[in-house]
Amino acid sequence: MSTYNTFLHGGDYNPEQWLHSPEILEKDIEYMKMANINEVTLGVFAWSVLEPEDEVYNFDWMEQIINRLHENNIKVMLATPSAARPKWLADKYEEVLRVESNRQRNLFGGRHNHCYTSPQYRRKVRDINVRLSKKFGNHPAVIAWHISNELSGECHCPLCQEAFRNWLKDKYKTIDALNEAWATTFWSHVYNDFSQVESPSTIGESGLHGLNLDWKRFVTDQTVDFVKAEKEAILEGGSNLPMIINMMYDYGGLNYFKFKDVVDIASWDSYPRWHKEDVAEIAVDTAMQHDFIRSLFKKPFLLMESCPSATNWQSVSKLKRPGLLLASSLQAVAHGSDSVQYFQIRQSRGSSEKFHGAVIDHYGKPDTRVFKEVTEIGSSLQQIEEICGSNTVSKVAIIFDLESRWAMEDAQGPRNKGLYYRETVMKIYKGLRKLGLNVDVINSEQSINEYDIVYVPMLYMFRDGFEQKARSYVEQGGNLVLSYWSGIVNETDLCYLGGTPYGLMDVFGLRSTEIDGLDDGEYNHGVSTENTIWNPSKIYTCEHLCDLVHITTATPILVYNEDFYKGYPVLTANSFGKGNAYYICADFEQEFYDDFCEYLVKKHNVPVEFSNIPKGIQVNTRETEDDVYVFIQNFNKEAVEMNLPLDNYSVLYGEKNQRIGSLETIVLKRKK
Amino acid sequence: MSTYNTFLHGGDYNPEQWLHSPEILEKDIEYMKMANINEVTLGVFAWSVLEPEDEVYNFDWMEQIINRLHENNIKVMLATPSAARPKWLADKYEEVLRVESNRQRNLFGGRHNHCYTSPQYRRKVRDINVRLSKKFGNHPAVIAWHISNELSGECHCPLCQEAFRNWLKDKYKTIDALNEAWATTFWSHVYNDFSQVESPSTIGESGLHGLNLDWKRFVTDQTVDFVKAEKEAILEGGSNLPMIINMMYDYGGLNYFKFKDVVDIASWDSYPRWHKEDVAEIAVDTAMQHDFIRSLFKKPFLLMESCPSATNWQSVSKLKRPGLLLASSLQAVAHGSDSVQYFQIRQSRGSSEKFHGAVIDHYGKPDTRVFKEVTEIGSSLQQIEEICGSNTVSKVAIIFDLESRWAMEDAQGPRNKGLYYRETVMKIYKGLRKLGLNVDVINSEQSINEYDIVYVPMLYMFRDGFEQKARSYVEQGGNLVLSYWSGIVNETDLCYLGGTPYGLMDVFGLRSTEIDGLDDGEYNHGVSTENTIWNPSKIYTCEHLCDLVHITTATPILVYNEDFYKGYPVLTANSFGKGNAYYICADFEQEFYDDFCEYLVKKHNVPVEFSNIPKGIQVNTRETEDDVYVFIQNFNKEAVEMNLPLDNYSVLYGEKNQRIGSLETIVLKRKK
Amino acid sequence: MSTYNTFLHGGDYNPEQWLHSPEILEKDIEYMKMANINEVTLGVFAWSVLEPEDEVYNFDWMEQIINRLHENNIKVMLATPSAARPKWLADKYEEVLRVESNRQRNLFGGRHNHCYTSPQYRRKVRDINVRLSKKFGNHPAVIAWHISNELSGECHCPLCQEAFRNWLKDKYKTIDALNEAWATTFWSHVYNDFSQVESPSTIGESGLHGLNLDWKRFVTDQTVDFVKAEKEAILEGGSNLPMIINMMYDYGGLNYFKFKDVVDIASWDSYPRWHKEDVAEIAVDTAMQHDFIRSLFKKPFLLMESCPSATNWQSVSKLKRPGLLLASSLQAVAHGSDSVQYFQIRQSRGSSEKFHGAVIDHYGKPDTRVFKEVTEIGSSLQQIEEICGSNTVSKVAIIFDLESRWAMEDAQGPRNKGLYYRETVMKIYKGLRKLGLNVDVINSEQSINEYDIVYVPMLYMFRDGFEQKARSYVEQGGNLVLSYWSGIVNETDLCYLGGTPYGLMDVFGLRSTEIDGLDDGEYNHGVSTENTIWNPSKIYTCEHLCDLVHITTATPILVYNEDFYKGYPVLTANSFGKGNAYYICADFEQEFYDDFCEYLVKKHNVPVEFSNIPKGIQVNTRETEDDVYVFIQNFNKEAVEMNLPLDNYSVLYGEKNQRIGSLETIVLKRKK
């Protein structure tokens with residue numbers, strides 16, 4: 001069920017840049033209505049206009065704008081202004097500016113340049129949030145709080161050092177526990193007391209992995225705490241509207257899963273590098289991020305920002321080809337978004353994003369290619385409005401775990417020039433998506449029992465109890481696929497002793513003995529054995545990492561074909577309890593994952609919507625209690641023939657035929 | 001008319017390095033005379049010998065040397081020593097050392113490591129300049145002041161911050177005007193007061209384009225002011241000789257045009273990467289810089305430094321092939337230089353430039369290949385002495401504007417990985433030079449009415465009134481060629497609203513609607529339409545940037561051949577008033593510019609000296625009231641046949657035949 | 001004669017990481033004995049466990065471990081703990097932390113992060129060393145002191161600045177002498193007083209070559225002084241055991257030759273990038289480093305560290321292929337090592353080296369591939385025990401000089417993008433090694449009279465008197481091969497005046513006039529002249545640098561084939577006194593060195609063990625008073641046929657046949 005009953009169509013709007021040009025503000029409203037826009041996000045980066053001097057507030061201009069929007073039935077997501085502070089604030093309270101890991105304090109500048117710990121910053125943010133909440137928090141046009149903006153970064157100031165030490169004390173209780181957890185006897189780095197701990201630094205400690213890992217966790221926790229404080233101020237001001245933060249593509253600085261108890265709706269800002277690579281490739285990459293965001297809460301999300309035209313910050317700013325904006329907007333909806341929002345409505349005249357695409361550009365009139373396509377999107381959303389709020393059900397999941405990634409990429413190990421973790425996750429994702437399956441992309445703390453198959457590639461770190469969760473899942477009939485470089489370390493990056501994958505050697509019927517790093521351009525191959533359960537005739541190339549396993553009860557399906565480990569298993573299967581445990585030893589090419597995913601989906605009877613989906617076609621479903629909606633999108637350059645069993649479906653959107661044009665979208669509907 | 005009646009032949013001479021070896025100083029004079037040297041530049045970097053301790057001056061050694069030079073008819077350009085300060089000065093007055101943009105003050109070291117604002121530094125420079133002026137400013141051997149050396153760099157110290165704020169106050173008067181000019185509402189960076197402004201910083205503000213641009217302007221103005229202060233000290237000391245600064249190749253740190261009211265003669269230090277690429281290519285690149293320097297004042301300039309042999313600071317130091325030094329020296333003269341000067345006469349024994357080529361090397365005797373070639377140059381200059389002081393007349397010009405370049409390259413826009421501005425200017429320059437035309441390379445503030453054709457490639461920023469100057473030029477019969485990404489922003493980098501190219505849409509009969517960035521290796525093509533005025537059969541490749549224009553009155557000459565904008569115009573022509581306005585939409589290959597320049601030159605009857613100039617042959621003219629001198633130089637590896645109409649000319653230099661050897665120079669003369 | 005009568009087999013052991021797991025410590029002893037390990041290196045990085053708080057010492061655990069090792073006949077090299085200081089020490093005495101060249105003091109972290117000058121650090125190191133010496137210095141298990149660990153780095157703190165100034169005062173006596181030596185008049189950098197001198201800095205002086213060079217010398221001397229202080233503390237504690245430092249591969253930060261009067265045995269840590277390139281190539285590269293280390297003292301050395309499996313810090317960690325560990329261990333012995341030692345016995349559970357290979361890995365049991373190979377090495381060393389302590393005799397030497405390299409690579413000269421010094425040394429080394437010759441790799445201060453041929457490639461800096469040593473060597477019948485870019489500067493990097501190679505122009509019968517830099521991908525060739533002493537039919541490619549010499553008495557053997565110096569000599573020979581002086585003008589390809597080395601070895605009757613050694617086979621000899629031991633090792637991927645004159649030899653190790661398997665080692669023995 002959607003929070004807003006209708007798809008939101010709109011985006012970031014910065015009238016504070018045009019207060020001296022009332023004729024432009026007037027045109028904006030006119031053009032928004034023309035473009036079927038029903039929402040704007042207001043107040044991001046408006047602090048210096050809302051509070052031009054310390055404790056001098058000026059909310060009048062905003063009130064007028066919200067009233068005008070309301071008169072025109074345009075809803076407002078209201079931002080808290082904490083993402084960029086005014087100059088006077090930085091000048092008056094030096095502690096609000098961030099300190100880098102080299103312990104140098106930044107000057108004023110940029111966006112995310114504040115300390116999340118600073119009491120002064122928290123006080124000033126609280127003060128303005130309470131006032132905004134009181135003033136606008138119950139305005140009928142206002143429908144949500146957009147807290148800060150694209151939260152990111154970290155601060156190493158003395159206040160953060162102290163907060164970090166307290167965080168560690170809470171976690172470890174005694175310094176001995178910390179020393180053991182971080183293996184500080186190595187290189188004689190034993191701490192006598194918590195007060196000795198300092199955050200990692202480019203000019204100091206950088207190789208103590210336990211410290212690095214806990215620091216990253218602290219940064220997430222401190223940012224969560226900051227958001228909580230923002231939220232409390234809004235509640236104090238009397239507003240109970242949903243709270244949202246906008247997340248970013250593959251952002252490694254924060255563990256977004258930790259925000260699940262603080263915000264109400266997941267959302268993200270999508271800026272794919274369309275046309276920089278093949279559109280179909282970019283589409284599937286973007287799809288995985290949509291699924292990752294949706295899987296955080298396992299419910300509909302919002303596409304908070306996207307670019308109506310070219311972005312301005314990529315190395316080359318390619319124009320979106322005709323139809324691409326529509327297709328990518330509907331793709332978000334296909335994956336579970338209840339909105340299509342842009343950055344930005346009106347293009348800025350100056351400063352660093354003045355060439356970022358906008359609904360209304362510097363030319364300033366609606367007779368542009370972009371404006372027309374935006375208008376069409378608004379109209380399309382109206383056509384499929386009944387889908388708004390519907391759910392996404394997935395029977396397969398991939399674990400893509402940020403904490404493990406932090407640890408894995410920080411560790412110096414078998415391949416410092418690149419482990420290809422995300423790429424490996426993506427290869428599995430692609431293999432599943434080619435079958436038209438919805439896929440959940442989850443982290444290792446989430447539940448897995450609802451899935452028919454769970455893929456666990458390269459899960460270097462097993463959080464406490466993960467091995468029990470996995471074991472129990474297989475015992476009770478689950479199908480688990482694990483790969484090389486898994487179960488190596490515990491939560492504080494200490495190596496498990498006694499053999500790996502930790503706690504699961506019997507489940508998989510093998511032990512990993514050594515792992516070989518292959519240089520760029522080096523390859524091995526997996527070939528099938530005579531007596532295996534799955535006997536493909538193909539030879540699959542693998543690269544980067546080759547795990548050498550000693551098998552006990554496992555059956556080898558594929559074996560290596562070269563090097564001194566020729567004949568060693570490279571893919572194995574093992575029955576355990578009521579389920580099955582598969583182990584992949586090396587970084588295989590895409591074709592392996594395509595074939596292996598198809599094999600497993602068939603073998604374990606995972607339901608699919610269609611069979612034989614053409615290359616480059618994306619299929620998604622959303623469902624209500626009674627109905628299933630099927631999105632079919634063609635991201636190929638050319639039209640594609642696709643044999644749809646149209647008798648079973650009605651057509652909700654698009655043309656009912658067996659030929660799908662390039663960038664065309666069709667939405668079908670069937671009863672459950 | 002030349003300032004000195006004779007070509008100067010000489011260069012930097014550092015006797016202060018050899019004061020303990022009088023026999024070497026004696027040999028120097030003997031060898032200079034042997035090599036036809038008639039000038040040396042003295043005192044660059046001699047401060048620590050001229051003033052070994054604070055207020056302890058020792059000018060005696062210099063006096064002796066100047067006297068000895070005078071006895072031997074060798075003239076002296078006397079340097080002010082400000083380009084490198086003594087250690088004692090830096091130790092005594094810390095403020096003289098530069099502060100980097102990260103706000104860290106440098107230690108003593110290097111060359112240009114001083115604050116141009118520092119009152120202490122200005123006082124010390126003034127004190128020694130006054131004394132040098134008094135002592136040597138009217139010495140009969142001394143013919144000019146060489147102020148400082150290769151001025152460059154910037155300082156971010158508190159004194160400079162204060163000076164910058166005052167500069168801004170003078171410019172904007174009110175902080176509101178500054179806020180509007182810089183669009184500071186973006187990201188909430190509004191200033192309440194001038195005192196809040198800080199210079200751009202790697203650890204602070206770096207993306208506020210208006211700030212970045214004004215900072216660069218301030219750096220130029222502050223450097224100009226420093227040079228003025230040096231000059232005043234010299235005048236105070238009683239010397240009225242010409243003042244010169246030596247400029248550098250394609251140096252982006254200073255807008256040299258701003259020095260036109262301070263110095264008397266333009267000069268530069270030419271260090272082409274000879275033999276690193278094809279010699280003919282390097283020659284034309286060097287030619288453009290000669291023309292840029294000459295166009296600053298539109299009168300003869302000086303080649304202040306050049307290397308007699310290999311430089312020592314390039315990645316690979318290639319020896320100059322036999323004949324190259326002579327050819328490149330005469331090329332400078334062909335483009336308007338009244339001197340050939342070297343760095344350096346006597347090679348240093350130690351420190352960082354000890355392997356930089358010199359007239360006299362460590363071996364120390366004149367029986368070297370280099371010494372002989374230097375001697376021949378001196379002799380050649382004597383043969384063509386009547387050319388000294390003559391002028392260069394150009395009927396075509398290219399605008400190559402540094403302030404626009406600063407803004408364009410700082411802006412985040414359609415192609416952050418490279419806009420190829422200089423390369424585009426160069427392609428036009430080459431197209432014109434292949435026709436044997438003298439070319440002025442000017443900035444957008446200079447007058448354009450004297451030219452038959454003016455090329456304005458990628459003039460991103462239109463300075464106030466430029467659009468009127470351009471419009472009036474065309475109205476009155478001028479031929480203007482504008483290209484994509486022009487007229488986008490005003491002087492403070494605010495985007496023009498209402499359509500671009502700003503103020504000239506009617507002149508060109510079109511509006512630019514969108515611009516597409518092409519990645520490296522992506523291409524489009526221009527093909528001719530049926531009904532165009534110029535109908536080439538060739539297809540021209542274009543890349544990097546593709547402007548999509550909507551035409552009103554313009555005629556398309558070429559159209560795009562690929563992508564969704566296939567058929568859109570890529571070259572247009574428009575009659576306006578008595579003139580013509582051409583618009584180029586994309587970054588075309590050289591061949592396009594060759595053909596298009598030839599077409600325009602013929603169409604608009606621009607006079608040329610010769611037709612059918614062979615590839616790799618450079619033709620230049622200089623002229624007096626009565627005579628025209630034609631330089632013909634072959635920069636090919638091989639000799640070239642060239643059909644010269646020798647009946648109309650006398651031969652002033654070189655051999656009179658139709659075959660020009662590799663690196664050979666011929667100078668012809670005709671009556672006007 | 002060996003110091004220890006038996007080959008040492010063992011390595012770094014860190015029981016302080018496992019004090020809470022006595023069962024693991026017990027297993028360690030059991031496994032060491034199983035693996036034929038007879039030595040461990042103890043206490044490296046144990047400071048924070050030995051002295052957990054200031055002046056609170058805890059040596060009990062170490063005593064128990066040493067006693068247990070002794071009971072099991074395992075010897076101990078005892079480390080001083082200075083390579084990594086405890087956190088409490090850094091917190092209490094801030095001066096012990098290093099200051100970088102940008103003058104920022106490091107925070108605590110890493111390993112080598114201490115000031116070698118700091119009196120506080122020296123006092124704390126002295127205190128613990130004295131105590132360790134008293135406690136363990138005469139324990140029967142303890143056989144040597146391992147001082148600090150992999151000494152490296154430099155500090156720019158005020159204490160070091162002062163020490164540097166005193167060092168300069170000692171060296172130059174007067175500031176005038178320093179100014180002259182460093183050519184400080186260049187860029188006006190004259191010093192008035194020693195107190196003005198500061199170390200080179202990234203934010204200050206970086207281009208004053210004399211300063212840079214003396215700073216590097218000071219860093220070596222200060223590190224030597226630190227080691228001396230460590231040694232004195234041990235002697236004061238009453239222990240007279242041998243003192244050792246472990247050196248590193250091609251480490252440019254310290255002139256290891258300066259440690260010859262401080263330490264008793266040379267040793268190094270060998271971590272070749274096995275399998276990253278062809279094994280045979282890596283083997284010869286490693287061989288040169290073995291020979292460099294052995295040549296420091298010209299007596300047997302120790303292989304102090306090597307990795308039993310893959311390292312963890314390379315860009316890709318490749319597993320050692322079966323047999324490689326054995327072959328590389330015996331290679332060290334072949335070149336003069338009396339030990340095979342590993343880092344590490346037991347793998348660390350955490351921190352930055354947790355994935356570095358170990359004898360006992362995280363799995364923790366002996367049924368691993370690595371453990372078995374280590375065991376075999378122990379057994380092999382026992383088989384060849386009689387070789388322990390024998391000498392290496394070389395009749396050829398190559399000068400590979402670090403001080404000259406420092407100066408050459410710092411100077412801005414003919415090829416700043418790469419001079420290929422080490423590669424050139426390596427090409428000569430390979431040419432000689434293919435003939436099966438032992439090779440000494442010495443520095444220019446060592447004696448040369450004992451060699452039949454001495455190669456002196458690119459000796460840019462001639463130390464005082466080197467030209468006399470070289471001249472006298474040739475005069476008395478020696479054969480000297482010098483190459484381009486030699487004899488250019490004196491000890492303080494001042495260019496020699498009057499012609500180069502300095503002082504040897506008559507010896508070589510030529511003068512270098514100019515040197516041309518060739519860009520990557522540019523080549524010239526050497527072709528033979530008609531009337532030369534050696535007249536190869538081949539044409540040899542050369543690149544990078546081409547010296548143009550003017551010959552007087554020398555005979556050209558090869559001449560250039562291209563460019564304006566076609567026909568100029570590129571290889572010359574000159575008789576001088578009783579000897580011969582050869583001069584190579586350009587950077588020739590390997591084949592030239594192969595042919596030229598073979599020619600010279602035959603011509604000058606240098607004795608070889610075998611003729612016609614197959615490619616990829618390494619031959620070494622060690623000898624006692626009566627016997628010669630010949631090591632033959634096959635580093636090819638495939639087995640090789642080799643016709644050994646086995647009648648003259650007995651087989652000490654390996655199989656006696658004419659076919660040598662890949663990675664196989666054979667040791668023969670003959671009477672002298």
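This is a predicted model: local features need pLDDT of at least 70, side-chain atom pairs count only at pLDDT 80 or more; totals for chains, interfaces and linings use all residues.
Within chain B, the axes of helix H3 (residues 60-71) and helix H5 (residues 119-136) come within 12 Å and cross at roughly 40 degrees. Helices are DSSP runs of H or I with at least four residues, and strands are runs of E with at least two, numbered from the N terminus. Axes are lines fitted to C-alpha atoms, for helices over the stretch in contact, with angles from 0 to 180 degrees between N-to-C directions. B:Met62, B:Glu63 and B:Ile66 of H3(B) meet B:Leu132, B:Lys135 and B:Phe136 of H5(B), contact meaning heavy atoms within 4.5 Å.

B:Gln344 is located in the loop between strand S9 (339-342) and helix H11 (369-383) of chain B. Its relative accessibility is 1%, so B:Gln344 counts as buried (under 20% relative accessible area, 1.4 Å probe, protein chains only). Beyond its neighbours within four places in sequence, B:Gln344 contacts residues including B:Asp12, B:Asn14, B:Pro308 and B:His356. The side chain of B:Gln344 reaches the backbone oxygen of B:His356 at 3.4 Å.

Residues are numbered from 1 along each chain as its sequence is written, and chains are lettered from A in the order in which they are written. Local features need pLDDT of at least 70 and side-chain atom pairs pLDDT 80 or more, while totals for chains, interfaces and linings use all residues; side-chain values use heavy atoms, without hydrogens and water.

Definitions and conventions
Buried means under 20% relative accessible area, exposed over 50%, partly exposed in between (1.4 Å probe, protein chains only). A polar contact is a pair of N or O atoms within 3.5 Å; within protein, one must be able to donate a hydrogen and the other to accept it, and residues adjacent in sequence count only if both atoms are side-chain atoms.
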